[in-house]
Amino acid sequence: MATDAPRGGIDLGGTKIQAIVANAKHQVLGQARRPTPTEGGPADVIAAMAEALQEAAEAANVAPDTLSGIGVGAPGAIDDEAGTLARAGNLPGWRDPYPLAKELGARFGGVTVRLGNDVQVATDAEFTLGAAREFSSLLGVFWGTGVGGGIVLDGKPWLGRGAAGEIGHIPVRHHGLQCPCGRMGCMEAYAGRRAMEARARKAHKDGEKTDLFKIMEEKGRDRLTSGIWARAIERGDELAEQLLNDAVDAIGTAVASACNILDPDAIIIGGGLGVRFGEPYAQRISDAMMPHLFHDDDPPVVRVAELGDLGGALGAALQVQDR
Ligand SMILES: [Zn+2]
């Protein structure tokens, strides 16, 4: 039941947990962030989520057991009715269905916890509060470590049988590169940050010149973050440019395929790489769609997500509002 009381939102990611407390008008009153545990199991992850929410509530000056509810956006297989999360590959030891809603709620006096897919709730947030406010249908494309998608049709999230929106696994090349999912030729095999890094490492090992790994060392990182890719492009690094060209082509091809089926009003580009590269790359993705759009005289609008880092947590909190 929706009330005017503040609500909680938690974006549960593979590297970080972002918690917010927001009022009924979706204004963020407090926020906190924790690294996602890399060892242990669901109980450890839930403990870290509870700490982040507790801290966000303190920052908001709200007692967490008075929240009207807590919404969670999580990766993996979600059963909101049962309150369980399963097969969350990026979370430690989280394979079988685990009663996330009940255990998290129990830490705050039994407050109701709603579960949703992380990418879908971020799409819902852009639809309700962000870059797609004036539209009735959209495709959210979250370009980061992988490439996730969310769909809103006629103002309602489209979940299919629970597995819709996997835009990253639309094939863009027959017998193409192997995707981190194991299949061949998926868009994510060319555009996901993890896959791009694997390609860069191989090319570097094979003797191709690139500053990517030098920049990584300068920044004291052990992986090629969005910021490192952006810096390499600023320096005119040819390998980085070539891999990003491939990524843009692959995204454009897959998104155009989805548009030929769904014909949405708008495409919203989010995620770490999407937000980092911003408007110029949204335009490039729009251009890369054109050769594949069947109705190319009236292409959908392509925009960058507006809500940034807090979009996932705001979308998670929206689930409390909506039900
Ligand atoms: Zn795949």
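1. In helix α7, the buried residues are S226, G227, I228, W229, A230, A232 and I233. The helix, which spans residues 226-234, is therefore mostly covered, with seven of its nine residues counted as buried, because buried here means under 20% relative accessible area. The cover over these residues includes α5 (193-205), α6 (212-218), α8 and α9. Just after α7, G236 adopts a positive phi of about 75 degrees. As with everything below, this is read from a predicted model.

2. On the overall layout, the domain assignment of the protein gives domain 1 as 7-122 together with 311-322, and domain 2 as 134-306. The centres of domain 1 and domain 2, taken over C-alpha atoms, are separated by 26 Å. Where the two domains meet, four residues of domain 1 are in contact with 10 residues of domain 2.

3. An open sheet of five strands, with mixed pairing, runs in the order β10-β9-β8-β11-β12. The strands at its edges are β10 (156-157) and β12 (301-304), and each has a single partner strand, so one side of each is left without a neighbour in the sheet. Strand β9 (residues 147-153) is joined to β10 by two bridges, and these strands run antiparallel; L153 has K156 of β10 as its bridge partner.

4. Which residues of β12 lie on its covered face, and which on its uncovered one? V302 and V304 form the covered face, whereas V301 and R303 form the uncovered one. In a regular strand the side chains alternate between the two faces of the sheet.

5. The zinc ion is coordinated by ND1 of H169 and by the SG atoms of C179, C181 and C186, at 2.0 to 2.4 Å. The angles among its four donor atoms are 103 to 116 degrees, and the site is tetrahedral; the assignment follows because four donors count as tetrahedral if all angles lie between 85 and 135 degrees. Along the chain, the donors follow the spacing H-x9-C-x1-C-x4-C.

6. H175 has a positive phi of about 55 degrees and is found in the loop between β10 and α4 (188-191); H175 is exposed, with a relative accessible area of 77%. R87 has a positive phi near 50 degrees and lies in the loop between β6 (84-86) and α2 (100-106); R87 is likewise exposed, with a relative accessible area of 61%.

How values were computed. Residues are numbered from 1 along each chain as its sequence is written. This is a predicted model: local features need pLDDT of at least 70, side-chain atom pairs count only at pLDDT 80 or more; totals for chains, interfaces and linings use all residues. Side-chain values use heavy atoms; hydrogens and water are left out. Two strands pair if DSSP finds at least two bridges between them. Helices (H or I, at least four residues) and strands (E, at least two) are DSSP runs, numbered from the N terminus. Donors are N, O and S atoms within 2.8 Å of the metal (3.2 Å for Na, K and Ca); water is not among the atoms, so sites may look incomplete. Four donors count as tetrahedral if all angles lie between 85 and 135 degrees; four count as square planar and six as octahedral if opposite donors are over 155 degrees apart and all others between 65 and 115; anything else is irregular. Domain bounds come from an automatic or database domain assignment. Contact means heavy atoms within 4.5 Å. Buried means under 20% relative accessible area, exposed over 50%, partly exposed in between (1.4 Å probe, protein chains only).
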